[in-house]
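Please look through the structure below before reading on.

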Amino acid sequence: MAYYGNDNDNFQNNNDNLNYALSEYSYDQKIAMLKLEIAKTNDHETRRRLEVLLNETIAEHDKKNKVYLIGFIIFFVLIGGFSVWLFLFYFPNKDTSAPYNQNATPIVSTSQSSESDTQVSVSETYQSNYDQSQEVENGLQNATPSQHTLAEQTRTVLENNQGFDRQVLNSISDDEIVALTAGYVTNSQLAQTADNLLAKYPNLKIEEKGITKDQFRRWVAQVWDRKHPTSEETGLLNNPKLTLTLSTDSEGYATASIALVQSDTVDFYRINSNNELEESAHFAGEHVSPLDDHWVLVESQLPEDLKN
């Protein structure tokens, strides 16, 4: 290592030479060599200048470390912030609930009674070939359909389940349809919605064609009473031990189920596509499973006394 004299120019030259020589070494090696030079020299000025160089080397190294540390901290702060955003905002918004099925047909159950059959439990249920009631209910809770979508859903339900005229429904504005809609998932909601609209638009109701529900109910009761003449003097419709349930199966056929109260089905009927009354082959006495789709013709047309 060169000896540093008191001359400034000579010192500067030697300082440059020293810096060049030290550039080949690591930081720890530089510090060790400078400290060694300081220890070797007896000249006060040379020692002072070597100490200045030593301090500058240490300061420069510390400055670089601080820059690296700050950059490292900023990097992890950015990564952490991005991760928090992903978990708190992106993923929750991306995860949606089950989509609302616009084609779902809600179950509608109503009870009918009259002075002649106040003790008979008669329900009319409209359903598709699989249970969609929970899907519709979840859809109404989770989805936020547009005004037009909600109005169209209401029109479709009223057309299918209430027999309302679609052309008249289409002539009513979306805003008014939605304003008059009390819901259509439960029986009471559907009935209220239908009443609200009928009060303003009586021409919504289409005159029923073919066999009405009441005619179907009385037809089945008439056949049952003939089949079981000694079961009860009151007949099916006034028998408190039996229930008659009307519904629509997955193929669109009107069906009637006769069952003991809160017990098993004892007979099953349907109206086929020709408006003929058929009985399940299983209950008609044939040795087939009640799950088999076999039917026996009972009567080919509605009796005259039931047409009124």
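Which exposed residues does the face of helix 2 turned away from its buried side carry? They are D28, L36 and A39, where exposed means over 50% relative accessible area, buried under 20%, and partly exposed in between, with a 1.4 Å probe and protein chains only. The model is a predicted one, in which local features need pLDDT of at least 70 and side-chain atom pairs count only at pLDDT 80 or more, while totals for chains, interfaces and linings use all residues. Residues are numbered from 1 along each chain as its sequence is written, and side-chain values use heavy atoms, leaving out hydrogens and water. Helices (H or I, at least four residues) and strands (E, at least two) are DSSP runs numbered from the N terminus.

The buried residues of helix 2 include I31, L34, E37 and I38. They lie on the same side of helix 2 because they cover an arc of only 130° around the axis, the arc being that of the directions from the helix axis to the C-beta atoms. An α-helix has 3.6 residues a turn, so residues three or four places apart point the same way.

Next come the strands, which pair if DSSP finds at least two bridges between them. Strand 5 (residues 265-271) runs antiparallel to strand 6 (residues 277-280), and three bridges join them. Opposite R270 stands E278 in strand 6. The two strands form a hairpin with five residues between them, and N275 in the turn has a positive phi of about 60°. Strand 6 also pairs with strand 7 (residues 295-299), in the antiparallel sense and over four bridges. There, W295 in strand 7 is the bridge partner of S280.

G210 lies in the loop between helix 8 (187-200) and helix 9. The C-alpha atoms of G210 and N275 are separated by 7.5 Å, although the two are 65 residues apart along the chain. G210 counts as exposed because its relative accessibility is 54%.

A nonpolar core is a set of buried Ala, Val, Leu, Ile, Met, Phe, Trp, Tyr and Cys residues joined through side-chain atoms within 4.5 Å. The largest one has 18 residues, and V220, I258 and L277 have the most contacts inside it. Helix 9 (213-227), strand 3 (242-248), strand 4 (254-260) and strand 5 each give two or more residues to this core. Helix 9 provides the largest share, six residues.
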